Amino acid sequence: MSRLGAPGRASATQLASLTLLGDVGRPATLTVRDLRDGWRQHRAEVAFDCATSGPQRHVFEGPLLREVALASQPLFDALRRKDRSRFTLAVSGGDGHHTVLAWAEIDADFGDAPVLLATRLDGEDLDVAGSQLVVPVDRCGARYISAVTRVWVGAWPGAR
């Protein structure tokens, strides 16, 4: 069960949040705590090459991007695979980085990649730093987006 649309909890420290929007029935703003409390947490032990910092090894925990995005009620026919496969997810981070994933990469009927919106990094909560996009199937760390601020879900413009 998710808490999509539930208000973030107030804190003495400013909590990071992300906005989920696009071709969805339930846009929302979610804190890292919302992501941790509203969805099952998955664990990913990853190794990837970072262009600026070299090889990295980390343990991330968080919900699957697919589950969070589905709670926003994407405007596709969930029973029609080809309808789902025309959707993309564009992720933006507070670090100035952006990436795009095809819905089919994360869909269980297609690639089933266990992409996370991490709420913990190496045992530390990311409530203040912000969620991190984690793509465990990537050898390169270019799609690991820090301090996720926005996840846009929608149909590829040429597919309308």
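Which residues does Pro136 touch, not counting residues up to four places away in sequence? They are Ala44, Val46, Pro114, Val115 and Tyr144, where contact means heavy atoms within 4.5 Å.

Before going on, the ground rules. Residues are numbered from 1 along each chain as its sequence is written, and side-chain values use heavy atoms, with hydrogens and water left out. This is a predicted model, in which local features need pLDDT of at least 70 and side-chain atom pairs count only at pLDDT 80 or more, while totals for chains, interfaces and linings use all residues.

Back to Pro136. Its place is in the loop between strand 10 (132–134) and strand 11 (148–155). Helices (H or I, at least four residues) and strands (E, at least two) are DSSP runs, numbered from the N terminus. Pro136 counts as partly exposed because its relative accessibility is 26%; buried means under 20% relative accessible area, exposed over 50%, and partly exposed in between, with a 1.4 Å probe and protein chains only. Phe60 lies 76 residues from Pro136 along the chain, and their C-alpha atoms are separated by 9.6 Å.

Next, Gln132, which is found in strand 10. Is Gln132 buried or exposed? Its relative accessibility is 12%, so Gln132 counts as buried. Leaving aside neighbours within four places in sequence, its contacts include Phe60, Leu116, Leu117, Tyr144 and Val148. Tyr144 is also touched by Pro136.

His42 is found in strand 3, residues 42–50. With a relative accessible area of 16%, His42 is buried. Among the residues that His42 touches, beyond four places in sequence, are Phe60, Glu61, Pro63, Glu67 and Leu116. From the C-alpha of His42 to that of Leu65, 23 residues apart along the chain, the separation is 11 Å.

That brings us to the core. A nonpolar core here is a set of buried Ala, Val, Leu, Ile, Met, Phe, Trp, Tyr and Cys residues joined through side-chain atoms within 4.5 Å. Which members of the largest nonpolar core touch the most other members? Of its 39 residues, they are Leu65, Leu133, Val151 and Val153. Leu65 is in contact with Leu133 and Val151, and its other partners outside four places in sequence include Leu89, Leu101, Ile106 and Val115. In soluble globular proteins, nonpolar side chains tend to be buried together.

Ala102 is found in strand 6, residues 98–102. At 31% relative accessibility, Ala102 counts as partly exposed. Its contacts, leaving aside neighbours within four places in sequence, are Phe87, Thr88 and Leu89. Ala102 and Val153 are 51 residues apart in sequence, with 9.7 Å from C-alpha to C-alpha.

Last, the chain as a whole. It has 4 helices and 11 strands, and buried residues make up 45% of its 160 residues. The C-alpha trace spans about 40 × 35 × 25 Å along its principal axes. The radius of gyration, taken over C-alpha atoms, is compared with a globule rule of 2.2 Å times the number of residues to the power 0.38. For 160 residues a compact globule would have a value near 15 Å, and the chain, at 15 Å, agrees. Of the contacts with a separation of 6 or more, 60% are between residues 24 or more positions apart. That is the end of my part.
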